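Hi,

Here is the structure I promised to pass on. Have a look, and my notes on what turned up follow below.

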Amino acid sequence: MSALLHTFAANLELNTPTSERWVVQSERLSEPNHGRIYLELAEGDHAEAMRGMMLLNALLPS
């Protein structure tokens with residue numbers, strides 16, 4: 001699970017536009033085979049959140 005989370009996080013990092021300043025985070029949860037990937041936004045405004053969601057939706061499996 002950790003390797004999978006790191007792989008997805010690295011893919012997000014590599015595909016993040018250079019103009020964005022968010023930080024990609026991953027966390028393995030206590031339940032077996034559960035984890036999450038999220039973005040810590042630099043500005044925290046709606047526009048940045050929407051750009052981040054577009055990237056997450058484009059790159060992560062459903």
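Let's start with Glu20, which counts as buried because its relative accessibility is 13%; buried means under 20% relative accessible area, exposed over 50% and partly exposed in between, with a 1.4 Å probe and protein chains only. Before going on, the ground rules: this is a predicted model, where local features need pLDDT of at least 70, side-chain atom pairs count only at pLDDT 80 or more, and totals for chains, interfaces and linings use all residues. Residues are numbered from 1 along each chain as its sequence is written, and side-chain values use heavy atoms, with hydrogens and water left out.

**Salt bridges**

How many salt bridges does a search of the whole structure find? Three, taking a salt bridge as a side-chain nitrogen of Lys or Arg within 4 Å of a carboxyl oxygen of Asp or Glu. As background, side chains of opposite charge can pair when their charged atoms come close.

Glu20 is in one of these, meeting the side chain of Arg51 at 2.4 Å, N to O. That pair links distant parts of the chain, 31 residues apart: Arg51 sits in helix 2 (residues 46-59), and Glu20 in the loop between helix 1 (2-15) and strand 1 (23-28). Helices (H or I, at least four residues) and strands (E, at least two) are DSSP runs, numbered from the N terminus. Arg51 is partly exposed, at 37% relative accessibility.

Next come Glu43 and Arg21, whose closest N and O atoms are 2.4 Å apart in a salt bridge. Glu43 lies in the loop between strand 2 and helix 2, and Arg21 in the loop between helix 1 and strand 1, so the pair ties together parts 22 residues apart in sequence. Buried or exposed? Glu43 is exposed at 54%, and Arg21 is exposed at 56%.

Then there's Arg36 with Glu27, a salt bridge at 2.6 Å, N to O. Arg36 is partly exposed at 41%, and Glu27 is partly exposed at 30%.

**Glu40**

I also looked at Glu40, which is in strand 2 (residues 35-40) and is partly exposed, with a relative accessible area of 39%. Which residues does Glu40 touch, not counting those up to four places away in sequence? Trp22, Val23 and Gln25, with contact meaning heavy atoms within 4.5 Å. The side chains of Glu40 and Gln25 are also joined by a polar contact of 3.5 Å. A polar contact is a pair of N or O atoms within 3.5 Å; within protein, one must be able to donate a hydrogen and the other to accept it, and residues adjacent in sequence count only if both atoms are side-chain atoms.

Cheers
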